[in-house]
Amino acid sequence: QSSKLKLWERPLPPHGQHTTTFHYLNQTSWRPTSPSFPFTIMEVKKDQHTSPPSEMIPIVDLSNPDEELVSRAVVKASQEWGIFHVVNHGISMDLIRRLKEVGSQFFELPETEKKAVAKPDDSQDFEGYTRNLKYTEGEVWAENLFHRILPQSCINYKYWPRNPPQYREVTEEYTKETKKLSERLLGFLSEGLGLRHEALKEGLGGEKSEYVLRINNFPPNPQPDATLGLPEHTDIVALALIVTNEVPGLQVFHEDHWFDVQYVPSSITVTVGDQILRLSNGKYKNVLHRVTVDKEKQRMSWPVFVDANPDVVIRPLPELITGDNPSMFKPIVCKDFKYRRLFKLPVD
Ligand code: OGA
Ligand code: NI
């Protein structure tokens, strides 16, 4: 329940600031082919919200040769929205196509086969396959697969599907690419704090930080108004790098409104989570978001979560703390932080 979150765990950027100038860096190099272009902000009918039409989720072209400009765009988007799309991100469309293919094939398997990687009932961890498809009002509506993909020493292949047979190879290739991309983004965000490129990565535990793949399957729901695919939340990790199929459903809370996140073909959607909020001493926003479900269409998404090592102390990076910029957050060991957030206990 978001009302239990502290004020600064919610994205509350100052009013009247609009991000219109940097949506399309190097626009000419990126030509969307989807008929849904140009993007529009679709109004969310639930909950009174209307969206100023001039605003949309920032899109950053990572292939722009002006690295400074790219860095600034990532920083600005993370400060103001806590979410942005990256295009020309360097991960091949063929690899993303194969990632989606093996994930979709897994979810198409009969229930008994999916149960081969089920999360055990008595498990204290999140890894494995789970399913929650009930017609109950207010319930979530999704099936998910969760497993770690890095570091190697944390991988439990018990939770990696053996069927389809290419699942492992494709996932390993995608892991390497998302690691590169996330380190580049963390580098920009570190520079935006006036720090060395490696500062945030090191703050998350360096090579010991953990990467987790989640595959969300949101089948069509006959009663979509009564149900959410995922209720509103902020991610308790550092960053999420999200690939989706073409069915929209993600919504973000920004300046008092719920915005539909447009599907941008070939993009990866990046969300800033609680850990980056804390390490940056509140400079970067952990975006509040949720997923709606569709009456007719199946939505799928593939977030990779970049997570601190469980033994790392999550705290504002010490270089940031000065008399003028006192620490907004108490240090807390990552695994305790996540436990408290998962069980909705207060965190200072
Ligand atoms: C999540 C999440 C977004 C999406 O898995 O935490 O927010 O687009 N997913 O499915
Ligand atoms: Ni999320």
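Mentor: A residue counts as buried under 20% relative accessible area, as exposed over 50%, and as partly exposed in between. Keep that in mind as we read this predicted model.

Trainee: Then how does serine 104 count, and why?

Mentor: Serine 104 has 22% relative accessibility, so it counts as partly exposed. Its place is in helix H2, residues 93–108.

Trainee: What does serine 104 touch, leaving out residues up to four places away in sequence?

Mentor: Met300 and Trp302. Look between those two numbers as well. Serine 301 is 197 residues from serine 104 along the chain, yet their C-alpha atoms are separated by 10.0 Å.

Trainee: What share of the contacts in the whole protein joins residues 24 or more positions apart?

Mentor: Among contacts with a separation of 6 or more, the share is 77%. The protein has 7 helices and 14 strands. Of its 348 residues, 54% are buried.

Trainee: Let's take a helix. How do I read its length and its sides?

Mentor: Start with the general idea. An α-helix has 3.6 residues a turn, so residues three or four places apart point the same way. Now the case here. Helix H1 covers residues 67–80, which is 14 residues.

Trainee: Which residues of H1 are buried?

Mentor: Val70, Ser71, Ala73, Val74, Val75, Ala77, Ser78 and Glu80. They pack against several elements, among them helix H4 (167–192) and strand S2 (83–87). After H1 comes glycine 82, with a positive phi near 75 degrees.

Trainee: And the metal? Which residues coordinate the nickel ion (ligand 2)?

Mentor: His233 and His289, each through NE2, and Asp235 through OD, at 2.1 Å. The spacing of these donors in sequence is H-x1-D-x53-H. Aspartate 235 sits in the loop between strands S6 (228–233) and S7 (239–244), while histidine 289 is in strand S11 (residues 288–292), so this pair ties together parts 54 residues apart in sequence.

Trainee: Are aspartate 235 and histidine 289 buried or exposed?

Mentor: Both are buried.

Trainee: Now the outside. Which residues form a nonpolar patch on the surface?

Mentor: Tyr339, Leu342, Phe343 and Leu345 do, with about 430 Å² of accessible area together. Take leucine 342, in helix H7 (residues 334–342). Its relative accessible area is 55%, so leucine 342 is exposed.

Terms used. Residues numbered from 1 in each chain as written. Chains lettered and ligands numbered in written order. Predicted model: local features only at pLDDT ≥ 70, side-chain atom pairs only at ≥ 80, totals over all residues. Heavy atoms only, no water. Helix = DSSP H or I, 4+ residues; strand = E, 2+ residues; numbered from the N terminus. Expected span 1.5 Å × (residues − 1). Buried < 20%, exposed > 50% of the residue type's maximum accessible area, 1.4 Å probe, protein only. Contact = heavy atoms within 4.5 Å. Patch = residues over 30% accessible without salt bridge, like charges linked within 9 Å, V, L, I, M, F, W, Y side chains within 5 Å. Areas by Shrake-Rupley, 256 points an atom, 1.4 Å probe, with all protein chains shown as cover. Salt bridge = Lys/Arg side-chain N within 4 Å of Asp/Glu carboxyl O. Donors = N, O, S within 2.8 Å, 3.2 Å for Na, K, Ca; no water.
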